[in-house]
Structures are given as structure tokens and as C-alpha cells.
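Work through the exercises below with the model open beside you. Each task is followed by a solution in steps.

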Amino acid sequence: MTDADSLFTHGGPDALGAPAHDFSTNANACGPCPEALERVRAADLSRYPDPAYTALREQLAAMHGVQAWRIVLAAGASEFIRRITTWVAVEDRGGHGEVVLPAMSYGDYAASARVLGLQAVRAPAAARRPLLAWCCEPSTPLGQAQPGIGETVDALPEGVPCVLDRAYEPLRLEGRLALNQRQLDRVWQMWSPNKALGMTGVRAAYAIAPVDAQDAVQALVRLAASWPVGADGVAMLSAWTQPGVQQWLRDSLATLREWKNSQTALCREMGWQVWPSEANFHVARPGADDFAGMLERLRASGIKLRDCASFGLPGHVRMGVLPPASQQALKQAWTGAT
């Protein structure tokens, strides 16, 4: 493993290429969304986008019922994570250089803090006055509700920014977010629709700023590179606001529920322990004696699972829900790998 490999632990294609059956990402397996894909393919790649993204921000604002100034565009969720962490690192907020993370979380939160010289603190350990706090629901890797999320938001000192990662909210298969409107208006809401649309190769996301964060929005805009979202990303985010695309997403959730039921049943049939989840992915423990070797053998058979060691769950895998044909391929590969 190279130094570069150790910095980026993600699912998806790797040195062997794209897996035939990729359980390692949480993209909507019903995708790509046809209407969104058509709009992306039709995007005018011969011109720069509007550097202020005026029309797109207005579309997204209307969709969420907020003022357009509250929409901050980003070149993917990971870029926004790095940018907002940079902002708190350079701003004098009277803190102690600490960023508070959920007990388990996406690795880019901690990686961004550390590269900027900040300390990543896991809940329930409490920073005296953090520079930044992260929440995520449905959570990763478990796909569950974040325990006590409302109390976490309410307990933050005034002026401490909190980001709620809502990447998997559109792919929630049950449950609901336990935050009221006042609490939502207090946090930064980060959305990355490419997962829900099954188009993770298009790098574009956005955040909804808190109601009183005009100055912070301007600071984040100044920190961004010029044109952070290309024409393809503009097309995808614009498509995201369309009623037909949202209807396609709702229809896909019904299919994903059926696939998830059969996938978790299959995992149990194979003797795997399955954790509960509210989203289109779940964690399982295969119980293999040679866990690393098992993952390698499955990968050689075209099956990729996401090792959860980087989340603090060694011996577990995170599995995006895939169609029945991929599930049967997993069963056959598992039989041959054990």
C-alpha cells in the first residue's frame, strides 16, 4: 500500500478497475436516473458555468424553501468538508483547535481536521469549545439515526458551526430525522445528490447555510476555487430539483426496500451478523477467520465489499444494497471463498 492509498479509504473502483458487483459504495443501485443522466449528457461543455451559479442556487433554494444566499455550491461533499474545515481553522473563534465527530463517521471529517493541524475528538468526549462539530444522519457506516442528535445540536455553544451531513437522507428507507425546524436553521445542511441519483462520478454538492450565516457564506465563497462545479455538475444539480427526478427517486426507494430485505436475508443465510439500518446500506460481520484474505478472494471474483476497519469496526463490512443478480453472485463467490 502506498502513502496515497493509506490517505484515501473509500469504496468503488480500485487498482483492479470497476468491480462487477460493487457492494462497497452507497450509490442508488437503481440508477443512474434517466432524466438526470440525459441532462448531464446534454450539458454544454464548451462554456464556463456562471461563476456565481445564480440560476442554480435559485432553483435549489426554491426546492428547499430557503433564500438563495443560503446555498453554497461545492465540488462534491468531500470538497465542502475540506473547505469548511479550512474556514474554521483560519478564523479566530476562541476555540482550542478541536473538531467534534460522531462516534463513527466518514473518514474525511477527521482527515480534513488533521491535515489542518486540528484535533479530531470523537463523541461522547466533549471539547470545551470546539471549532466545528459534525453530525450525520442516516449515519455512516451504520445507516442508523445518530443518537441524541437534537440534544447534540442544542448543547453546542453559540457561534460554533455544526454541519449535518445529509448525503443519505434521500436514500432513507425508514425512520425520519429527529430535528425540528429551529434546529435545522442552526446547522449547515450538506447535500450530495449524486449518490441518490446513482451518478457518483459527477462531483457536485451543495450546503444550506444557517439562517444567520451571511458572513460565513461569503467567507466560504472566497475560499472556493473559481467554478468549483463544472457544467456536468450544474446539469445534475439542476436535474435534482425537477419533479420527475424526485418521483423517480421515490419510486426507486420501493425497489431498494425489496432488494434490502432479500440482501439482509441472504447475509443471515450465509451466517453473517447483520446490523440494523434505515438506509440503502448496512453493516455485516462475515465471521471469516481470514478476513483480509476473504475480501481479497471475493474481489478477485468480481465482488467488492467495504472493509469497516477505518470506521473502527474491524472484521465488519459495509454493504450497499444491490439487485438480486449481484446478491446471488455474492453467494456463489462466498461459497467458493470459504
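**Exercise 1. The antiparallel sheet**

Two conventions come before the solution. This is a predicted model, in which local features need pLDDT of at least 70 and side-chain atom pairs count only at pLDDT 80 or more, while totals for chains, interfaces and linings use all residues. Residues are numbered from 1 along each chain as its sequence is written, and side-chain values use heavy atoms, with hydrogens and water left out.

Solution. 

Step 1. Identify the strands. Helices (H or I, at least four residues) and strands (E, at least two) are DSSP runs, numbered from the N terminus. S10 covers residues 281-285, and S13 covers residues 317-320.

Step 2. Count bridges. Two strands pair if DSSP finds at least two bridges between them. S10 and S13 have 4, in the antiparallel sense.

Step 3. Gln 273 has Arg 285 as its bridge partner in S10. S9 and S10 make a hairpin, with 6 residues between them.

Step 4. S12 and S13 pair over 2 bridges, antiparallel. Here Arg 306 is bridged to Arg 318.

Step 5. Assemble. The open sheet has 4 strands in the order S9-S10-S13-S12, with antiparallel pairing.

Step 6. Check burial. Buried means under 20% relative accessible area, exposed over 50%, and partly exposed in between (1.4 Å probe, protein chains only). In S10, 4 of the 5 residues are buried.

**Exercise 2. Two helix pairs**

How do H2 and H9 cross, and which residues of H4 and H8 meet?

Solution. 

Step 1. Axes are lines fitted to C-alpha atoms, for helices over the stretch in contact, and angles run from 0 to 180 degrees between N-to-C directions.

Step 2. The axes of H2 and H9 come within 8 Å and cross at roughly 150 degrees. Angles under 35 degrees count as roughly parallel, over 145 as roughly antiparallel, 65 to 115 as roughly perpendicular and the rest as oblique. H2 and H9 are therefore roughly antiparallel to each other.

Step 3. List the contact (heavy atoms within 4.5 Å). H2 supplies Ala 36, Arg 39 and Val 40, while H9 supplies Asp 232, Ala 235, Met 236, Ser 238 and Ala 239.

Step 4. Turn to H4 (residues 77-90) and H8 (residues 214-223), whose axes come within 10 Å and cross at roughly 115 degrees. Phe 80, Arg 83, Ile 84, Thr 86 and Trp 87 of H4 meet Ala 216, Ala 219, Leu 220, Val 221 and Leu 223 of H8.

**Exercise 3. Cores and one serine**

Which residues have the most contacts inside the largest nonpolar core, and why does Ser 326 count as buried?

Solution. 

Step 1. A nonpolar core is a set of buried Ala, Val, Leu, Ile, Met, Phe, Trp, Tyr and Cys residues joined through side-chain atoms within 4.5 Å. The largest has 38 residues, and Leu 73, Leu 197, Tyr 206 and Met 236 have the most contacts inside it.

Step 2. Elements that each supply at least two residues of this core include H3 (54-64), S8 (205-208) and H10 (243-269).

Step 3. A second, separate core has 30 residues, among them Val 72, Ile 84, Val 88 and Leu 101.

Step 4. Ser 326 lies in H12 (residues 324-337). Its relative accessibility is 9%, so Ser 326 counts as buried. Not counting residues up to four places away in sequence, Ser 326 touches His 21 and Phe 23.
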